[in-house]
Amino acid sequence: MSKTEIIAELPHLSPEDRAEVQAKLDELAGESWQDRGELSDADKSVLDAALGEYQKSPDAGSSWDQVKARIQSKLRS
């Protein structure tokens with residue numbers, strides 16, 4: 001079976017079969033890309049600093065609607 005055929009069949013698998021395929025892919029890839037959801041100390045420091053800034057001035061940023069409008073405007077240009 002070719003890679004293209006395998007990929008085409010994936011949507012037809014049951015959730016249980018897809019989980020089994022994913023588990024095998026994870027096994028083959030090794031765990032080097034998985035971090036088990038743990039943040040590094042550096043990541044925690046960055047997040048703590050960002051949270052502290054937000055807590056000091058929660059209205060300093062832009063709303064999602066404002067951000068979205070800016071992005072859409074730039075995409076139209």
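In which helix is Ile 7 found? In this predicted model, Ile 7 lies in helix H1, a segment that spans residues 3-9.

Ile 7 also belongs to a nonpolar patch on the surface, formed together with Met 1, Ile 6, Leu 10, Val 21, Leu 25 and Leu 28. The accessible area of these residues together is about 690 Å². Both H1 and H2 contribute to the nonpolar patch, each with at least two residues. The most is given by H2, which supplies three residues.

Helix H1 also holds Glu 5. The relative accessibility of Glu 5 is 43%, so this residue counts as partly exposed; the class lies between the buried limit of under 20% and the exposed limit of over 50%.

Helix H2 comprises residues 15-29, and Asp 26 is located in it. Asp 26 has a relative accessible area of 21% and is therefore partly exposed, given that buried means under 20%. Along the chain, Asp 26 and Ser 57 are 31 residues apart. A separation of 42 Å was computed between the C-alpha atoms of Asp 26 and Ser 57.

Definitions and conventions. Residues are numbered from 1 along each chain as its sequence is written. This is a predicted model: local features need pLDDT of at least 70, side-chain atom pairs count only at pLDDT 80 or more; totals for chains, interfaces and linings use all residues. Side-chain values use heavy atoms; hydrogens and water are left out. Helices (H or I, at least four residues) and strands (E, at least two) are DSSP runs, numbered from the N terminus. Buried means under 20% relative accessible area, exposed over 50%, partly exposed in between (1.4 Å probe, protein chains only). Patches are made of residues with over 30% relative accessible area and no salt bridge: like charges are joined within 9 Å, nonpolar side chains (Val, Leu, Ile, Met, Phe, Trp, Tyr) within 5 Å. Accessible areas come from the Shrake-Rupley method with a 1.4 Å probe; for residues, only the protein chains shown count as cover. A salt bridge is a side-chain nitrogen of Lys or Arg within 4 Å of a carboxyl oxygen of Asp or Glu.
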